[in-house]
Amino acid sequence: MSADNDTAVYQGVTAPVARAAFRQGRVMPTAGIAPGMTQANMIALPADRAWDFLLYAQRNPKACPVLDVIEAGKTTTPLAAGADISRDLPLYRVWRDGALAEEIADASSLWAQHPDLVTFLIGCSFTFETPLQQAGIEIRHISAGCNVPMYRTNRQCRPAGCLQGEMVVSMRPVAADRVADAVAITARYPAVHGAPVHIGEPAALGIRDLAQPDFGDAVQIKPGEIPVFWACGVTPQAAVMASRLPFAISHAPGHMFITDIADSSFHV
């Protein structure tokens, strides 16, 4: 497994080229990669837990907007021709009894060992970052070459079956005079989290220190900027932890599945 924090080289590539690099072992956050293409969070669960998760997602659509459900044992999706969901993400997380057991760059052996896995692709806010940039709104984690900061919150999701947990949010600093624009732009993408869930004071979400994200990297907030929070597709991983699920596979936060679907397809 190779690590590469310099994503600038890959920001102009197509989705298939990016997925091929990940399959070959390249590991990097996917923000800014294959701009204009929809990205997706991933969670794979044994079939006996899949109905509970589908219901969990239906009850919490802001945090868990489902883009596709891949049947048990299969690793292909119409969202990306020729892709293999078990190999074409840059980094996977393996969960056992609700705890992170390991991170790996190739999860195909686990799909072979667990042929009953049902995979869910969940909308990702990386998808609307290109429209934000096109509007002249800086995406700080992209310009800084790091991962987006993500935080667990005090907002509990509606439980379903064996699943419970809190909402996770991603944060982007936005200049005060552009916050309304950021809200309007992202609200047009409800399938990838849509409008922010909170603007301003992080303590209202139970976040004590923006410099200490639960996932990803801290970013600078400049004078005149306001922290803006969007629901995040890492929320299912919080549910895995809170519910102590025996087994699951997910993407590593910030390391998404890049589809062949243009972000404009989800613009409403």
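Mentor: Before we start, contact here means heavy atoms within 4.5 Å. This is a predicted model, in which local features need pLDDT of at least 70 and side-chain atom pairs count only at pLDDT 80 or more, while totals for chains, interfaces and linings use all residues. Residues are numbered from 1 along each chain as its sequence is written, and side-chain values use heavy atoms, with hydrogens and water left out.

Trainee: Happy to begin! Which residues does Ser170 touch, not counting residues up to four places away in sequence?

Mentor: Start with its place, which is in strand S9; strands (E, at least two residues) are DSSP runs, numbered from the N terminus. Leaving out residues up to four places away in sequence, Ser170 touches Ser125, Val148, Pro149, Met150, Val228, Phe229, Trp230 and Cys232.

Trainee: Is Ser170 buried or exposed?

Mentor: Let's set the scale: buried means under 20% relative accessible area, exposed over 50%, and partly exposed in between (1.4 Å probe, protein chains only). Ser170 has 2% relative accessibility, so the residue counts as buried.

Trainee: What is the length of the polar contact that joins the side chains of Ser170 and Arg172?

Mentor: A polar contact is a pair of N or O atoms within 3.5 Å; within protein, one must be able to donate a hydrogen and the other to accept it, and residues adjacent in sequence count only if both atoms are side-chain atoms. For the side chains of Ser170 and Arg172, the value is 2.9 Å.

Trainee: How many bridges join strand S9 to S11?

Mentor: Good one! Two strands pair if DSSP finds at least two bridges between them. S9 (residues 166-175) and S11 run antiparallel, with Val174 standing opposite Ile226 in S11. The number of bridges joining S9 to S11 is 7.

Trainee: How far from Cys232 is the nearest cysteine sulfur?

Mentor: A disulfide is a pair of cysteine sulfur atoms within 2.5 Å, and the structure holds 0 of them. Cys232 is in no disulfide, and its nearest cysteine sulfur belongs to Cys124, at 7.1 Å.

Trainee: Does Cys232 count as buried or exposed, and what is its relative accessibility?

Mentor: Here the cut-off for burial applies again. Cys232 counts as buried, because its relative accessibility is 5%.

Definitions and conventions: Helices (H or I, at least four residues) and strands (E, at least two) are DSSP runs, numbered from the N terminus.
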